[in-house]
Amino acid sequence: MVSHSVWIVGSSRSGKTARLVEQFCNWVTSETQYTESFYTKKSGRKKTGDVSEFLYLKQTEPGVLVLAANDDNRRELGDIIVTSTLGKYPVRAKTPLGFFQDEVILFWPLLINSLNLKAQFPVRLRPETEQELATKLWRPQLDEEILRLAGVNESRLVRRILDLLQLAAYSGIPCEDIAQILAKGFGENTTTLEPEFLASLLLDWRNWCLDRGLLTYGIITELYSQHLLSDRHYQQHLTKRYQAVLADDVDDYPSVARLLFELLLDRGAVGAFSYNPDGAVRLGLGADPNYLEGLAERCRVEILNGPPPESLSEQLTKQMVELVTEPMVLLSLPKTVHSIQTTSRAQLLRQTAEVIANAIQLQQVQPEEVAIIAPGLDAIARYTLVEILVKQNIQVESLNDQRPLISSPVIRALLTMLALVYPGLGRLVDRDAVAEMLVVLSRKQQPPENSSLLTPNSSRAKRPANANSTHNGLNLSYPLTALSTHIDPVRAGLIADYCFVPHPDRPNLLPVSAFERWDRIGYAATTAYNEILQWLEQQRSQQELRLIPSPISLLDRAIQRFLWNGSNLPYEQLAALRELLETAQHYWEIDTRLRQIAPVETTPQTTIIEFIQLLRRGTITANAYPVRPIGGARKAITLATIFQYRSSRRSHQWHFWLDAGSPLWAKGGAATLFGAPFFLRDRLGEPWTAEDEKLAEEQRLQRILTDLLSRVSQRVYLCHSDLAVNGQEQLGPLLPLVNACVTVISEATVN
């Protein structure tokens, strides 16, 4: 490579990613010219005619490692690079943690030899399974006195302890040194648990997982940084595979990423790195931007000056930051900043939605050009905004809406179905759950009312513009209307009251004739109920004969029979079903591994009970892949928290900053992990004081304002209510901005 490593510094939307891609294209051009000249010199003829030898040389060249801060950015960056180079150069696009995971699994035999592990294929633990297994392992030691001293419940304490292992691994600190770091950081603070106790729990957990071949993100990162990176055999393989590295937004990378970059640079690779001083979205969640910034000393620094094109950054950033840091300054914001002010939050949500709907109806802005950003989105706010806007035929897209699986009626219905088929699960079923299951499983998609006029064989049929046509002689289905149900909630309640027989071991559903006035149910509901009843009986008999391989197979059968049924499911419902199947498959995979290592005297029903209880506790499972719909961008309003919006690297014409008076704006919309400041490389183990916390919040708020203003081009609405949901007065750090607005939209203005 003839180019030197490049360190690209710039604010949000300043062109850092485009400069990275440009640098990559320059590398590709120079390498291609070098390879062609080498081929010409070696063969003594120009690259014409037979090019097999030339292609061989190209295929054996080292590839390029491309890294992005999160999975969505990784896909976009990978697509841009492949498009720019027409896919002619080997590129591997990953997130840092995804790369560590792939490398640990790929070189697992090397780790088996160096760590004397059992020769078994590793299985990665998802976060929800990790917490459940750690809780079972530590429960004998987490007594009431420990929980009282910690001041949190068992679930929160287990998560905190597991986060310590992850933070240490991200920082490049071995698990054995966690106690020393915590002891130095806590100092004389007696309100926390003993560092030696916490470290001993983590050592037990790590060893327990490695004995069984189970890998968490923390263990994966520790294995990579502490063992693989220092192994000379791995170093040889790594440097042979990658001759260049591109890393976008390294301000969101963990410390160990710098160890990887330095190794590649030391072995002759070149790098291109982009860094955003106003980024650091994941600071407090494992990122260490200050430590990564040290890479700039080894690179040629390029600074992208100037504000982003078509943004309010240059016009507003200085004023807003000055107002927030010095509230006594008397300034008024320009007319591009508006304020929506109400007394209660309920009024605020309603008026915000009405202002958006009116602007869209007047064609002042399109739905895809609007973003609603909040420090935190509770279920009430999300439901209220979506409900009002959808009634106005305005779609809303929630970014990374990670709600528990159990919140979906379809998922609850499938879990109830499991309890009715497998014995011993009767205590997990009640009448309300059965009624909901009947409603969900009897849903059908009906064709439009005039579908009879649109028969495929009729030459006189008047087809709507959006109707599907025939292709290669195959008749494609017409668009279907919204889901309808043969058993409505009222009839489902009657059936559950009179036909459901509770039993701890064998809950049962009786024929509809068990209800004396079963004629009130109606023909359609009775037919649908009988179909469900017949299918359940068939599955029970097959389960008794052991013809159902696993509960996953039963879930798949139910989805195919009652939910899929040849129709096109809405994306949200399809994503929930995919998450359920992936979660179940992972859960039983882990259960099978544990039974192989240490057989336990439990029945398969026990595993099903634990699985259902895990989901009913509101556990948020990992997102299924892919996590976004296929196709063009939706014409919908973006609804997101500050953290989600900044992570997505999106931009819009209009911003609505919800709950502008909330104190959570200083937190960045994401909670900092317990003990995160102790593991920053520039202050390892140093105590975290109240002054440090205050300074960190001020710096975070300035970064948020600078970043968000770089992502909006026309208007900013500060949406403020005097009272929060709990009735307390809101006196957050953005309140001076609300008071400095000239344009105010109040309840009286809307009415």
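**Close-up 1. The crossing of helices α5 and α11 is left-handed.** A crossing is called left-handed if the near helix is turned anticlockwise from the far one by less than a right angle, and right-handed if clockwise. This is a predicted model, in which local features need pLDDT of at least 70 and side-chain atom pairs count only at pLDDT 80 or more, while totals for chains, interfaces and linings use all residues. Residues are numbered from 1 along each chain as its sequence is written, and side-chain values use heavy atoms, with hydrogens and water left out. Helix α5 (residues 108-115) packs against α11 at an angle of about 65°, with the axes 12 Å apart, and the two helices are therefore roughly perpendicular to each other (65 to 115 degrees; under 35 counts as roughly parallel, over 145 as roughly antiparallel and the rest as oblique). Trp108, Leu110, Leu111 and Leu115 of α5 make the contact with Leu223, His227 and Leu228 of α11, where contact means heavy atoms within 4.5 Å. By class, this contact has 6 nonpolar, 1 polar and no charged residues.

**Close-up 2. Helix α8 passes α11 in a left-handed crossing.** Helix α8 (residues 154-171) and helix α11 (residues 217-228) pack at an angle of about 25°, and their axes lie 8 Å apart, so α8 and α11 are roughly parallel to each other. From α8, the contact is made by Leu165, Gln166, Ala169 and Tyr170, and from α11 by Tyr217, Gly218, Ile219, Thr221, Glu222 and Ser225. By class, the contact of α8 with α11 has 5 nonpolar, 4 polar and 1 charged residues.

**Close-up 3. The largest cavity holds about 120 Å³ of space.** A cavity is a set of points on a 1 Å grid over the protein atoms alone where a 1.4 Å probe fits but cannot get out, and its lining residues have an atom within 4 Å of a point. The structure holds 3 cavities of 30 Å³ or more. Of the 13 residues that line the largest cavity, Val281, Leu283, Lys667, Gly668 and Arg700 lie nearest its centre. The elements that give two or more residues to this lining are α25 (642-648) and α26 (690-709). By class, the lining has 7 nonpolar, 2 polar and 4 charged residues.

**Close-up 4. The second largest cavity holds about 70 Å³ of space.** Among the residues that line this second cavity are Leu167, Tyr170, Ser171, Ser255, Asp288 and Phe679. By class, the lining of the second largest cavity has 7 nonpolar, 4 polar and 1 charged residues.

Technical notes: 1 Å grid on protein atoms, 1.4 Å probe; cavity = no way out; pocket = protein on both sides within 12 Å on 5 of 7 lines; lining within 4 Å. Points joined across faces, edges and corners; volume = space filled by probe spheres on them. Helix = DSSP H or I, 4+ residues; strand = E, 2+ residues; numbered from the N terminus. Nonpolar A, V, L, I, M, F, W, Y, C, P; charged D, E, K, R; others polar. Axes fitted to C-alpha atoms, helices over the stretch in contact; angles between N-to-C directions.
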